[in-house]
Amino acid sequence: MNFCALCWRPVVSARSGYGKSRYFCIAHKASQETQNDHLLQKRRILRVLEKRGHHIDTSLSQSAFYQKISQGLESLTSDPKIAMKDQIDFRKETSYLFKRFVSVTSRFYPITYKKLKNIRHITPQTDEEFFTSILITLENSAFIRGLSLQFAMVESDQKPKIWFPNLMRVVARHEAVEIVNEHDFHPGPDSSKFKKNELRDKLYSRFQHLKEVGSKGKQKQLAIEFGLSEQRISILLKEYKNKGIT
Ligand SMILES: [Zn+2]
């Protein structure tokens, strides 16, 4: 099961009928309509990771870069393997599995658990009813909903031993994306002078580093790393350079 580098959805597979993508889902794959969402989501993730001291080098190759982003996303929340370490008996019936699912989710993935509040008291009769109800609740977009159901694990011929851990992985990743989204984005001027100075210093040292390694499109890279517009980056760098004079 391959996740989109930027979210919890599957990468677009050839069979989806929407083209193919190596790293992204239908909502984030490179196309005109998805470009803004893609950039915004990427900036948000980098920003949250940066805040937690996890720096991703934007000069990496594309595949290495997106792999790092994807791993970084996973690092924001509990590993589903650890979350499921209490033995789950996969031979038992759907209602038992559903209870275990709800209990693991409530303990380890609180934001997702909250989102599932309307369905956590239902008693699904079949495996399919189980994972379909979960995925439909997680997906906000009606258009994408059907495609998310194309996860390999939702194929009903698969055994709980396979699909249950996979569903837990989806939940863990969904949680990470929600954590990123909760840190919403305020690129406006910061009232705190100290913070602004700190940001300028940090920005300038990254700028110098990129310059040393001879990287092209430095301001663009910085814009992505810092979650700011290129214009704002340019202003902040100018301010930094004038600091000694004014
Ligand atoms: Zn995606």
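## Confidence of the model

The average over the protein chain is 82, and 84% of the residues score at least 70. Where pLDDT is low, the predicted coordinates should not be read in detail.

This is a predicted model, in which local features need pLDDT of at least 70 and side-chain atom pairs count only at pLDDT 80 or more, while totals for chains, interfaces and linings use all residues. Residues are numbered from 1 along each chain as its sequence is written.

## Overall architecture

The protein chain contains 11 helices and 0 strands. Helices (H or I, at least four residues) and strands (E, at least two) are DSSP runs, numbered from the N terminus.

Of the 246 residues, 30% count as buried. A residue is buried if 20 or more other C-beta atoms lie within 10 Å of its own, exposed if 12 or fewer, and partly exposed in between, with C-beta atoms placed from the backbone. Among contacts with a separation of 6 or more, 56% join residues 24 or more positions apart; a contact requires C-beta atoms, placed from the backbone, within 7 Å.

## Nonpolar cores

The largest nonpolar core has 40 residues, of which Cys-4, Ile-45 and Leu-167 touch the most other members. Such a core is a set of buried Ala, Val, Leu, Ile, Met, Phe, Trp, Tyr and Cys residues joined through C-beta atoms within 7 Å. Two or more residues each come from α1 (35–51), α2 (62–75), α4 (94–108), α6 and α8 (160–182); α8 gives the most, with 10 residues.

Leaving aside residues up to four places away in sequence, Ile-45 touches Leu-6, Ile-69, Gly-72, Leu-73 and Val-180. Another core, of 7 residues, lies apart from the largest one and includes Phe-226, Leu-228, Ile-233 and Leu-236.

## Helix α6

Helix α6 (residues 127–138) has 12 residues and reaches 17 Å from its first C-alpha to its last, close to the expected 16 Å; the expected span is 1.5 Å times one less than the number of residues. Its buried residues are Asp-127, Phe-130, Phe-131, Ile-134, Leu-135 and Leu-138. Seen down the axis of α6, these residues fall within an arc of 110°, so they line one face of the helix. The arc is that of the directions from the helix axis to the C-beta atoms.

## Asp-201

Asp-201 belongs to helix α9 (residues 193–212) and counts as exposed because it has 12 C-beta neighbours inside 10 Å. Asp-201 and Leu-237 are 36 residues apart in sequence and 8.9 Å apart in space, C-alpha to C-alpha.

How values were computed:
Contact = placed C-beta atoms within 7 Å. pLDDT = per-residue confidence, 0-100.
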